Amino acid sequence: MERLSFDDQIQKNKIKSFVLIIVIFTFFVVFGYVISMILDPSYFFIVMIFSIIFSLTYVLVGYYNSDKISLASVRAKPASQTEHRAFYHAAESMSIASGLPMPRLYIMESEEINAFASGRDPKNAVICITTGALKKLGKQELEGVIAHEMSHIANYDIRFMTVTTVLIGMVSIIAEMFLRSLWFSNGSNDRDGRVQIFLILLGIVFAILAPIAAQLVSLSISRKREYLADATGVKFTRYPAGLASALKKIKNEHVSDRERRHRVSKAMAPLFISDPFKRKISGLFATHPPLDERIKRLERM
Amino acid sequence: MIWLWIVGIALVVLVLAFILYYNRFVTLENRIGNSLSQIDVQLKKRADLVPNLISSVKGYAKHEKGIMEDVTNARKAFMGAKTLEQKVVKGAELQHALKSILAIAENYPQLRANENFLQLQQELAAIEDKVAYARQHYNDSILSYNNLTKRFPGVLFASVYGKAPKKYLEIPKEERAVPKVSF
């Protein structure tokens with residue numbers, strides 16, 4: 001099998017996620033245009049602006065406080081330099097290898113092996129790891145996991161996913177405005193009745209499917225960013241076997257269901273290294289690529 | 001009239017390109033400088049641990065004076081190094097001497113159990129990792145810079161600004177050798 005280069009992987013995934021964002025944006029513009037054609041062409045700009053403002057405000061608040069919000073939601077505690085020396089050592093090494101400032105380090109109580117990174121830019125970054133991970137992972141594996149999290153910070157993934165969320169929000173808002181306005185609007189009166197109905201039906205179909213389609217694209221982006229973080233992590237450690245081994249341990253974990261369901265909000269799922277809900281859903285609706293595929297790619301690097 | 005617009009826009013784009021490429025060169029060069037000083041920081045940290053290491057070994061391994069002297073001298077030589085090449089070479093010699101001291105601990109079980117010594121051992125291992133990562137980052141920074149100076153159109157701006165590709169950090173041969181441990 002041909003060997004994968006992490007540089008190529010990084011490049012490919014960056015391009016793919018960029019293309020997907022363009023897709024969502026184009027979709028958003030086209031969708032807004034179609035809707036405003038149905039309602040009233042002069043509504044076009046109002047529709048656009050309204051949805052942008054709403055979505056942006058909602059998301060920006062979350063974005064600026066992303067580190068605080070995510071830490072609070074899992075009740076994380078600051079890591080201690082004496083007690084969690086291995087954690088600090090791995091993070092310091094990765095900080096040197098990446099050229100990024102040291103993120104703030106936190107611990108969350110959980111038997112499961114998992115970790116997440118948050119923060120709008122490298123200066124305000126945090127990495128949180130579970131106590132289970134510190135117990136169960138060896139030095140190289142821990143370093144691989146931390147490298148993956150540093151990669152999310154280095155690639156500005158939080159910012160990236162926020163942009164994506166804003167775009168999806170805008171699509172959903174337009175869809176909702178359209179569906180609500182059908183109750184009130186007269187529509188353009190200078191059109192043939194049958195064309196009118198056809199357009200309305202088209203609009204409804206769009207309005208229902210659009211948010212779903214946008215969500216699917218966003219999930220696809222999320223998966224690409226996960227692959228990107230894996231590859232960038234390899235760039236930092238130059239040792240793909242470390243992360244691969246950690247992922248294998250995660251795969252073979254048997255954590256009790258009760259333990260698993262506690263404390264993590266659904267919105268945080270994309271930030272973790274592996275889906276904290278261990279949902280059986282894979283493919284289009286997953287935030288993370290399947291573990292097997294990630295391990296395979298790492299072993300080819 | 002349209003001609004004027006086209007030329008105008010082309011000029012603006014050109015000026016922007018000059019500015020952007022200049023800034024990019026500066027950013028990448030600064031990153032190289034920063035990563036270089038990172039290597040320095042880690043190497044110095046390692047050298048600073050030596051006196052502590054010597055004093056904890058001295059109590060248990062009095063006959064190993066030769067090796068302890070080697071380490072002290074290697075440290076002095078390292079502290080005296082000025083240029084990058086000198087630091088790399090002297091750092092490698094210090095590293096070699098340190099490995100020998102840690103290896104002799106195999107013969108002194110009391111030393112191995114000494115908490116201070118254990119902690120120093122761990123710290124030295126941690127610093128080794130960081131030296132390696134600092135070197136890696138230095139070479140990565142040089143790669144980014146070289147890519148910019150050699151690829152098109154960066155290569156044009158590079159010759160305008162007099163930016164030449166830089167050399168990678170080489171590991172001196174002694175450091176690649178593994179010390180022999182005799183029992």
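**Sheet, cores and chain contact**

Biologist: Over how many bridges do E3(A) and E4(A) pair in the antiparallel sense?
Modeller: This is a predicted model, in which local features need pLDDT of at least 70, side-chain atom pairs count only at pLDDT 80 or more, and totals for chains, interfaces and linings use all residues. Strands (E, at least two residues) and helices (H or I, at least four) are DSSP runs numbered from the N terminus, and two strands pair if DSSP finds at least two bridges between them. For antiparallel E3(A) and E4(A), the number of bridges is four.

Biologist: Which strands stand at the edges of the sheet?
Modeller: Residues are numbered from 1 along each chain as its sequence is written, while chains are lettered from A and ligands numbered from 1 in the order in which they are written. The open sheet has four strands with mixed pairing, in the order E1-E2-E4-E3 of chain A. One side of each edge strand is left without a neighbour in the sheet, because each has a single partner strand; these are E1 and E3 (115-118) of chain A.

Biologist: Which helix packs on the sheet?
Modeller: The helix touches E2, E3 and E4 of chain A, a contact being two C-beta atoms, placed from the backbone, within 7 Å. Its direction makes about 155° with that of E3(A), using lines fitted to C-alpha atoms (for helices over the stretch in contact) and N-to-C angles from 0 to 180 degrees. The helix, at residues 66-73 of chain A, is H3.

Biologist: Which residue of E4(A) stands opposite A:Tyr106?
Modeller: E2(A) and E4(A) (residues 126-130) pair in the parallel sense over five bridges. In E4(A), the residue opposite A:Tyr106 is A:Cys128.

Biologist: How many residues are in the largest nonpolar core?
Modeller: A nonpolar core is a set of buried Ala, Val, Leu, Ile, Met, Phe, Trp, Tyr and Cys residues joined through C-beta atoms within 7 Å; buried means 20 or more other C-beta atoms within 10 Å of the residue's own. A:Tyr106 and A:Cys128 are among those with the most contacts inside the largest core. Helix H5 (residues 115-150) of chain B gives the most to this core, with eight residues. The core's residue count is 60.

Biologist: Which element gives the largest share of the side of chain B that touches chain A?
Modeller: 10 residues of chain B are in contact with seven residues of chain A. H1 (2-58) and H5 of chain B each give two or more residues to that side of chain B. The largest share, seven residues, comes from H5(B).

Notes: A residue is buried if 20 or more other C-beta atoms lie within 10 Å of its own, exposed if 12 or fewer, and partly exposed in between; C-beta atoms are placed from the backbone.
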